[in-house]
Amino acid sequence: EPVDMGPDIDKHLRQYEPGTREYVFDDVRKWALRRRNECATEQVCEGDDGNVNDGAGTQKEGSAGRDEGGDESASAERAFWIQGTGGLGKSVIAAQLVQRGRTSAKNEAS
């Protein structure tokens, strides 16, 4: 049975300072849109066999969805990797992404 992460998500949502880390949320949004567009045009996405048609990109430490030069990568990374030392707010960012995803899904459904 799945673990209920609701209380943890709620705790981290309360720790979020509005207006902070917007660059991370912007990068995640751009990455998700790029993935959606590439899969829609069948450039890079999972096939029926579960394999990726093109190589998956890798995130470098601190890149927040960008390649080493700071430009958005043209390849479709299958994961957006957020990493950092303890206390930097990764869990708060994750909770915000869950909340924003829920809000976005509700808006698309209506």
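Helices here (H or I, at least four residues) and strands (E, at least two) are DSSP runs, numbered from the N terminus. At 27% relative accessibility, Leu-97 counts as partly exposed; buried means under 20% relative accessible area, exposed over 50%, and partly exposed in between, with a 1.4 Å probe and protein chains only.

Not counting residues up to four places away in sequence, Leu-97 touches Phe-25, Val-28 and Ile-82, where contact means heavy atoms within 4.5 Å. Leu-97 and Arg-29 are 68 residues apart in sequence, while their C-alpha atoms are 9.5 Å apart in space.

## Basis of the model

Residues are numbered from 1 along each chain as its sequence is written, and side-chain values use heavy atoms, with hydrogens and water left out. Because this is a predicted model, local features need pLDDT of at least 70 and side-chain atom pairs count only at pLDDT 80 or more, whereas totals for chains, interfaces and linings use all residues.

## Overall make-up

The chain has three helices and zero strands, and its elements run α-α-α from the N terminus on. Of the 110 residues in the chain, 24% are buried. Among contacts between residues at least 6 apart in sequence, 60% join residues at least 24 apart.

## Helix 1 against helix 3

Two packed helices are described by the angle between their axes and the distance between the axes. The axes of helix 1 and helix 3 (residues 90-109) come within 8 Å and cross at roughly 105°. Helix 1 is therefore roughly perpendicular to helix 3. Axes are lines fitted to C-alpha atoms, for helices over the stretch in contact, and angles run from 0 to 180 degrees between N-to-C directions. Angles under 35 degrees count as roughly parallel, over 145 as roughly antiparallel, 65 to 115 as roughly perpendicular and the rest as oblique.

On the helix 1 side, the contact is made by Ile-9, His-12, Leu-13 and Gln-15. Helix 3 takes part through Ser-91, Val-92, Ala-95, Gln-96, Val-98, Gln-99 and Arg-102. The residues of this contact divide into five nonpolar, five polar and one charged; Ala, Val, Leu, Ile, Met, Phe, Trp, Tyr, Cys and Pro count as nonpolar, Asp, Glu, Lys and Arg as charged, and the others, Gly among them, as polar. Gln-96, found in helix 3, is buried, with a relative accessible area of 10%. Not counting residues up to four places away in sequence, Gln-96 touches Leu-13, Tyr-16 and Phe-25.

At 1.5 Å a residue, the 19 residues of helix 2 should span 27 Å, and the end C-alpha atoms of helix 2 are 27 Å apart, which agrees. The expected span is 1.5 Å times one less than the number of residues. In helix 2, the residues Val-24, Phe-25, Asp-27, Val-28, Trp-31, Arg-34, Arg-35 and Glu-38 are buried. These buried residues pack against helix 3.

The largest nonpolar core has eight residues: Tyr-16, Val-24, Phe-25, Val-28, Trp-31, Phe-80, Val-92 and Ile-93. Such a core is a set of buried Ala, Val, Leu, Ile, Met, Phe, Trp, Tyr and Cys residues joined through side-chain atoms within 4.5 Å. Helix 2 and helix 3 are the elements that give two or more residues to this core, and helix 2 gives the most, with four residues. Val-28 touches Phe-80 and Leu-97, not counting residues up to four places away in sequence.

Arg-21 lies in the loop between helix 1 (6-15) and helix 2 (22-40). Phi of Arg-21 is near 60°, a positive value in a residue other than glycine. Arg-21 is partly exposed, with a relative accessible area of 26%.

Trp-81 lies in the loop between helix 2 and helix 3 and, at 54% relative accessibility, counts as exposed. Trp-81 and Val-28 are 53 residues apart in sequence and 9.6 Å apart in space, C-alpha to C-alpha. Ala-32, in helix 2, is partly exposed, with a relative accessible area of 36%. Between Ala-32 and Arg-78 the separation is 46 residues in sequence and 9.5 Å in space, C-alpha to C-alpha.
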